[in-house]
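Biologist: Please take me through the helix packing and the pockets here.

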Amino acid sequence: MATGTVYTAAVITMSDKGAQGLRKDTAGPAICALLEAEGWQVVHTEIIPDDAETIRRTLVRCADELGVCLVATTGGTGFSPRDVTPEATKAVIERECPGIPEAMRAESLRITPRGCLSREAAGIRGGTLILNCPGSEKAARECLGAVLGALKHGIDILRGWDSNCASETHHHSHHGGATE
């Protein structure tokens with residue numbers, strides 16, 4: 001991690017009822033709290049309806065205009081006909097990161113057999129990692145918690161902030177002392 005590096009995040013909740021003010025969003029604030037506890041700076045939060053075009057537009061705006069390191073979404077990842085977050089995410093990313101949702105589902109499966117029904121996606125758009133979490137506060141916390149420890153390292157590499165990868169003048173002890 002570069003000195004003074006700021007890890008910025010946007011947290012987007014997909015919920016028809018939430019967007020209409022008919023349901024209190026608890027998963028979004030839970031994700032914000034988890035990120036902030038790990039030193040992330042949440043610079044944007046939003047609740048939008050389960051609408052593919054709105055989701056795509058919002059994800060693109062967060063990545064391209066706000067330029068955040070991470071967009072964490074919650075909601076719209078189940079089997080309901082209105083659950084289109086993974087499809088909207090896949091439509092705007094340039095490269096998929098399948099290991100992230102795999103790790104999240106593995107964590108969910110330890111807790112409930114229904115974990116296999118999760119359809120979260122994750123991928124890269126420019127210098128931004130976009131990551132879907134489930135809509136329930138409990139599941140969102142469990143899933144994000146399963147991968148949170150690795151995300152900053154991924155961002156460091158994505159943005160060229162990892163001094164161990166970027167320069168040969170630093171020590172390479174994590175490579176067993178070998179030179180690159």
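Modeller: An axis is a line fitted to C-alpha atoms, for helices over the stretch in contact, and angles run from 0 to 180 degrees between N-to-C directions. Helices (H or I, at least four residues) and strands (E, at least two) are DSSP runs, numbered from the N terminus. This is a predicted model, in which local features need pLDDT of at least 70 and side-chain atom pairs 80 or more, while totals for chains, interfaces and linings use all residues. Residues are numbered from 1 along each chain, and side-chain values use heavy atoms, without hydrogens or water.

Biologist: At what angle do α3 and α4 cross?

Modeller: Helix α3 (residues 52–66) and helix α4 (residues 85–92) cross at roughly 45°, and their axes come within 9 Å. The two helices are therefore oblique to each other (under 35 degrees is roughly parallel, over 145 roughly antiparallel, 65 to 115 roughly perpendicular, the rest oblique).

Biologist: Which residues meet there?

Modeller: From α3, the residues are A52, I55, R56, L59 and V60, and they meet T85, A88, T89, A91 and V92 in α4 (contact means heavy atoms within 4.5 Å). This contact of α3 with α4 comprises 7 nonpolar, 2 polar and 1 charged residues (Ala, Val, Leu, Ile, Met, Phe, Trp, Tyr, Cys and Pro are nonpolar, Asp, Glu, Lys and Arg charged, the others, Gly among them, polar).

Biologist: And α2 with α6: how far apart are their axes?

Modeller: The axes of α2 (residues 27–37) and α6 lie 9 Å apart, and the packing angle is about 25°. Consequently, α2 and α6 are roughly parallel to each other.

Biologist: Which side chains sit at that contact, and of what class?

Modeller: Helix α2 contributes A27, A30, I31, L34 and L35, which meet E137, A140, R141, L144, G145 and L148 of α6. In the contact of α2 with α6, 8 residues are nonpolar, 1 is polar and 2 are charged.

Biologist: At what angle does α5 pack with α6?

Modeller: The angle between α5 and α6 is about 135°, with the axes 9 Å apart. That angle is why α5 and α6 are described as oblique to each other. The residues in contact are I100, A103, M104, E107, S108 and I111 of α5, together with K138, E142, C143, A146, V147 and L151 of α6. By class, this contact of α5 with α6 has 8 nonpolar, 1 polar and 3 charged residues.

Biologist: Changing topic, what volume has the largest pocket?

Modeller: The largest pocket has a volume of about 620 Å³. On a 1 Å grid over the protein atoms alone, a pocket is an open set of points where a 1.4 Å probe fits, with protein on both sides within 12 Å along at least five of seven lines; lining residues have an atom within 4 Å of a point. Points are joined across faces, edges and corners, and a volume is the space filled by probe spheres set on them.

Biologist: How many residues line the largest pocket, and which elements give two or more of them?

Modeller: The lining of the largest pocket has 36 residues, with G75, G76, P134, G135 and S136 nearest its centre. Two or more residues each come from β1 (8–14), α1 (16–19), α5 (99–111) and α6 (137–158). Helix α6 provides the largest share, 5 residues.

Biologist: Of what class are they?

Modeller: The lining of the largest pocket divides into 7 nonpolar, 16 polar and 13 charged residues.

Biologist: What lines the second largest pocket?

Modeller: Its lining consists of I100, I124, L129, V147, A150, L151, G154, I155, I157 and L158. The second largest pocket holds about 180 Å³ of space. Of its lining residues, 9 are nonpolar, 1 is polar and none is charged. Here too α6 gives the largest share, with 7 residues.
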